[in-house]
Amino acid sequence: MATGQAPDRLIWQGDTLPLYTHPLSSHPTFKQHSKTLFGTPQAPFNTGCWRGHIAEWEIHHDTLFLVNIYTCDYPSNKTKADLNALFPNQLIRGKLPATWLSAPLLVPKGKLLYYTQSYIAIHEKEIELTLKKGIITHFQEFDNSKTQLSVYAEKNDSLLNYVYSHINWQLLPNLPQPVKVFAEILSGSRPFPDSVLLLKKSQQTIFDNEALRVLTSIPSWSCYYKRGVPYPIGYYFVVIFDENHRKKYARR
């Protein structure tokens, strides 16, 4: 599983917010300095910060400025790059206006509702800032508060227990060899499975139908929202029919 990446920081309206887009990645000359930002040929390796730095930004009078570039160990290590050396004759009161940037920035705000070891982070609200040459031209806020988490989607043990304890083992034939059914459970707009797809069937209808029946009967499922609309996430699950599971879960 990929390691979650440290976001940049954005100072705006009195708050310091995470910024999961990286304006420096589109700067025309920044890449040529990226490996010597802190006066050494190679910054310390950090799997949670592949880009090798954490940038700090500020919005002032609707203009985006680069304020600092820290090491990946920030805030425990407050070593900063020399912006004057990186961007000579371009700073305004020690800050670099992001004049190269004409793109949207998505800024999360409020309570963190969901997070995975990637950039899938869902907050209560998201704010999209549209910039043209570093100046904000449009502002839009999205409400993700309909996001709900289910124990079956977030805790594998709960899902395993539900699935295997709800299989009608008494209706299934003996299993000299395990039978596997590969499925995907897809989230939707409501806190229930939106759909269940059998990605790889067992070629034995009785097992395929039973796997589909049990998975579609799961009483609740997580639903995720990003940018104010449902954000479908697939969950892959393998139903294994064998005598060990029958012995453990068959109803007596």
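Which residue forms a salt bridge with E126? The partner is K226, and the closest N and O atoms are 3.2 Å apart. A salt bridge here is a side-chain nitrogen of Lys or Arg within 4 Å of a carboxyl oxygen of Asp or Glu. E126 lies in strand β7 (residues 121–132) and K226 in strand β11 (residues 225–226), so the pair ties together parts that are 100 residues apart in sequence. Helices (H or I, at least four residues) and strands (E, at least two) are DSSP runs, numbered from the N terminus.

This is a predicted model: local features need pLDDT of at least 70, side-chain atom pairs count only at pLDDT 80 or more, and totals for chains, interfaces and linings use all residues. Residues are numbered from 1 along each chain as its sequence is written, and side-chain values use heavy atoms, with hydrogens and water left out.

Are the two partners buried or exposed? E126 is buried at 4% relative accessibility. K226 is buried too, at 16%. Buried means under 20% relative accessible area, exposed over 50%, and partly exposed in between (1.4 Å probe, protein chains only).

The structure holds eight salt bridges. In one of them, the side chains of D8 and R51 meet at 2.9 Å, N to O. D8 sits in strand β1 and R51 in the loop between β2 and β3 (54–60), so this pair links parts 43 residues apart in sequence. D8 is buried, at 1% relative accessibility. K95 also forms a salt bridge, with E58, and their closest N and O atoms are 2.4 Å apart. K95 lies in the loop between α1 and β5, while E58 is in strand β3, so parts 37 residues apart in sequence are tied together. K95 is partly exposed at 26%. E58 is buried at 18%.

Now to the start of the chain. Strand β1 (residues 8–12) runs antiparallel to strand β2 (residues 15–19), and five bridges join them. Two strands pair if DSSP finds at least two bridges between them. L10 has L17 in β2 as its bridge partner. The hairpin has two residues between the strands, and Q13 takes a positive phi near 50 degrees.

Next come the cores. A nonpolar core is a set of buried Ala, Val, Leu, Ile, Met, Phe, Trp, Tyr and Cys residues joined through side-chain atoms within 4.5 Å. The largest has 31 residues, and V163, W169 and F241 are among those with the most contacts inside it. Elements giving two or more residues to this core include β6 (104–115), α3 (156–165) and β13 (234–241). A second, separate core of 27 residues includes F38, I59, L86 and L131.

V163 touches V214, L215, F237 and V239, not counting residues up to four places away in sequence. Contact means heavy atoms within 4.5 Å. V163 is one of the buried residues of α3, along with L159, Y162, Y164 and S165. These buried residues pack against α2, α4, β13 and α5 (243–249).

Strand β4 holds I69. I69 is buried, with a relative accessible area of 0%. Leaving aside neighbours within four places in sequence, its contacts include F38, I54 and L86. T71 is found in the loop between β4 (63–70) and α1 (83–86). T71 is buried as well, at 10%. With the neighbours within four places in sequence left aside, T71 is in contact with F38, I54, N77 and T79.
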